[in-house]
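Keep the structure in view as you read.

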Amino acid sequence: MAKVPVQFTLNGSEKAEFIESGTTLLHALRDKIGDTSPKGGCHQGTCGACSVIIDGELRLSCLMLAETCSGADIQTAAGLAEGGMLHPLQRAFLDAFATQCGFCTPGMIIAAKVLLDHTPNPSREDVVEALSGNICRCTGYEPIIQAVLAAARANSQNAA
Ligand code: FES
Ligand code: FES
């Protein structure tokens with residue numbers, strides 16, 4: 001299959017690769033670039049495990065072709081920690097015991113980050129709505145909702 005050049009920013013670093021035309025962004029990130037934080041669950045847009053942020057918006061990397069992402073600014077869960085410090089959402093998930101097997105966790109955290117970027121003080125309903133595209137088979141969701149609300153509270157206290 002023909003290879004096409006793909007160039008984008010991933011978690012602040014420029015990436016340039018030749019990738020087989022038709023490769024999903026999920027496979028390109030995981031298998032070509034080595035960022036395994038987006039998970040492949042359903043591969044059909046229903047589980048949210050593959051969620052990434054592209055140009056500030058929540059996207060499902062299993063539904064996107066890598067070649068359509070040239071020039072984009074892509075963020076994944078692997079890029080959220082800074083200077084060896086966990087992102088407040090990552091810390092909140094740990095503190096709330098909001099992860100068990102962890103397979104859904106990167107997608108949940110990415111969906112939650114997009115929510116908090118747009119809505120810093122969300123209601124519980126906002127959180128439930130924002131996470132409605134992400135499936136978890138382990139935690140029963142309540143710890144996840146509580147983690148996102150706790151991260152929002154921590155953010156607003158830090159901003160005060
Ligand atoms: S793997 Fe993309 S939504 Fe499930
Ligand atoms: S923690 Fe296992 S699927 Fe969510």
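**Charged pairs and a covered helix**

Arg91 is partly exposed, its relative accessible area being 43%. This is a predicted model. The side chain of Arg91 forms a salt bridge with that of Asp95, at 3.5 Å from N to O. Both residues belong to helix 2 and sit four residues apart, about one turn of the helix. An α-helix has 3.6 residues a turn, so residues three or four places apart point the same way.

Now turn to helix 3, residues 105–118. Helix 3 is mostly covered, with twelve of its 14 residues buried. Among them are Gly107, Met108, Ile109 and Lys113. What do the buried residues of helix 3 pack against? Their partners are strand 3 (51–54), strand 4 (57–60), strand 5 (73–75), helix 2 (88–95), helix 4 (124–130) and helix 5 (142–159).

Helix 3 holds a charged pair too. Lys113 and Asp117 meet through their side chains in a salt bridge, 2.8 Å from N to O. They are four residues apart, about one helical turn. Lys113 is buried because its relative accessible area, 12%, is under 20%. Asp117 is partly exposed at 48%.

One more pair remains. Arg124 forms a salt bridge with Glu142, with the closest N and O atoms 2.8 Å apart. This pair links distant parts of the chain: Arg124 lies in helix 4 and Glu142 in helix 5, 18 residues apart. Arg124 is partly exposed at 34% relative accessibility, and Glu142 is partly exposed at 33%. The count comes to three salt bridges.

Terms used: Residues numbered from 1 in each chain as written. Chains lettered and ligands numbered in written order. Predicted model: local features only at pLDDT ≥ 70, side-chain atom pairs only at ≥ 80, totals over all residues. Heavy atoms only, no water. Buried < 20%, exposed > 50% of the residue type's maximum accessible area, 1.4 Å probe, protein only. Helix = DSSP H or I, 4+ residues; strand = E, 2+ residues; numbered from the N terminus. Contact = heavy atoms within 4.5 Å. Salt bridge = Lys/Arg side-chain N within 4 Å of Asp/Glu carboxyl O.
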